[in-house]
Amino acid sequence: MLKNIIKTALLSLFVFASVSFAAGKGYKDLSATQPTQDPAKVEVIEFFWYGCPHCYQFEPALDEWKANLPENVTFIRQPAVFSAVWAKHAKAYFTAEVLGVVDKVHADFFLDIQVKKQKLTSEEDLAEFFVAHGVDKAAFHDAYNSFIVDTKMRQAKTMGPRYGITGVPAIVVNGKYLVNGKTAGSHGGMIKVMNELIAQESK
């Protein structure tokens, strides 16, 4: 009995030490620095999935953060693709991007999946969703089945492995640093570490 208690105590101490260490640094160095779209700016990429409750919970803090972005920071949303369902949602995002309606549908897409428990995986279900947000149905189908969306999908499948992403939400700062709930300790911690890294990379 005493031996089990000691083992449990040691395990708890190990976990606490691991969390404290991760929280102390707040980020993980990528094994290889990745190129950014504009070397003159600090690039911040958010990897997410509409079916992820943690991503949904992170959105309010991220929206508030985005509202006060410095001019030298570029923010990029990047749907992660780790399964067929994730791919369906990623394709919906890229379709919205091509149609220029991301700001109009992004929050509601999260809401419909996370709160209303809609699957939104079939082309017809997605068409109805987009039409309800003012998109012409034919325009939706054209964009959904377009070459550019197909290209974005093929690129998206390589992005997770390229940046060492194993879960979401995850943030990559300037192609060098990975920030997530595990490294930063919380969603608020992620924002704090992101700001610190942006300040560091802006020098």
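Trainee: What makes Lys117 count as exposed?

Mentor: The relative accessible area of Lys117 is 63%. The cut-off for exposed is over 50%, so Lys117 is exposed. Do keep in mind that this is a predicted model.

Trainee: Where does Lys117 sit, and what is said of its phi?

Mentor: Lys117 belongs to the loop between helix 4 (102–114) and helix 5 (123–132). Its phi is near 60°, a positive value in a residue other than glycine. Most residues other than glycine have a negative phi.

Trainee: Asn174 has a positive phi too, near 55°. Is Asn174 buried or exposed?

Mentor: Asn174 has a relative accessible area of 12%. Buried means under 20%, so Asn174 is buried. Its place is in the loop between strand 4 and strand 5.

Trainee: How do you know which kind of peptide bond joins Val168 and Pro169?

Mentor: Look at omega: it is about 0° there, and the bond is cis. Most peptide bonds are trans. Pro169 lies in the loop between helix 7 (147–163) and strand 4 (170–173).

Trainee: On to the rings. Why are Tyr27 and Tyr177 called an edge-to-face pair?

Mentor: Take two steps. The centres are 5.0 Å apart, and pairing asks for centres within 6.5 Å, so Tyr27 and Tyr177 are a pair. The planes stand at 70°, and over 60 degrees counts as edge-to-face, so that is the name it gets.

Trainee: What does that pair tie together?

Mentor: Tyr27 is in the loop between helix 1 (2–25) and strand 1 (28–29), while Tyr177 is in strand 5 (residues 177–180), so the pair links parts 150 residues apart in sequence. Tyr177 also counts as buried, at 10% relative accessibility.

Trainee: What makes Phe129 and Phe130 an aromatic pair, and of which kind?

Mentor: Try the rule again: 5.7 Å centre to centre and 80° between the planes. The distance is within 6.5 Å and the angle over 60 degrees, so this pair is edge-to-face. Phe129 and Phe130 are both buried.

Trainee: How many aromatic pairs does the structure hold, and which residues form the cluster?

Mentor: There are 16 aromatic pairs. One aromatic cluster includes Phe48, Tyr50, Tyr93, Phe109, Phe129, Phe130 and Tyr144.

Trainee: How do you know that Lys91 lies over the face of Tyr144?

Mentor: Lys91 is at 4.2 Å from the ring centre. The cut-off is within 6 Å, with a further limit of within 35 degrees of the ring normal. Lys91 is listed as lying over the face of Tyr144.

Trainee: How do you know whether the span of helix 7 agrees with its number of residues?

Mentor: At 1.5 Å a residue, its 17 residues should span 24 Å, and the end C-alpha atoms are 25 Å apart, which agrees. After helix 7 comes Gly164, with a positive phi near 70°.

Trainee: What covers the buried residues of helix 7?

Mentor: Among those buried residues are Val149, Met153, Ala156 and Met159. Their cover includes strand 2 (42–48), strand 3 (73–79), helix 3 (84–99), helix 6 (137–144) and strand 4.

Trainee: Which element gives the largest share of the lining of the largest pocket?

Mentor: Helix 7 does, with six residues. The lining has 16 residues, and Gln37, Ile76, Gln78, Gln155 and Met159 lie nearest the centre. The space in this pocket is about 280 Å³.

Notes: Residues numbered from 1 in each chain as written. Predicted model: local features only at pLDDT ≥ 70, side-chain atom pairs only at ≥ 80, totals over all residues. Heavy atoms only, no water. Phe/Tyr/Trp six-rings, centres within 6.5 Å; stacked < 30°, edge-to-face > 60°. Helix = DSSP H or I, 4+ residues; strand = E, 2+ residues; numbered from the N terminus. Buried < 20%, exposed > 50% of the residue type's maximum accessible area, 1.4 Å probe, protein only. Expected span 1.5 Å × (residues − 1). Contact = heavy atoms within 4.5 Å. 1 Å grid on protein atoms, 1.4 Å probe; cavity = no way out; pocket = protein on both sides within 12 Å on 5 of 7 lines; lining within 4 Å. Points joined across faces, edges and corners; volume = space filled by probe spheres on them.
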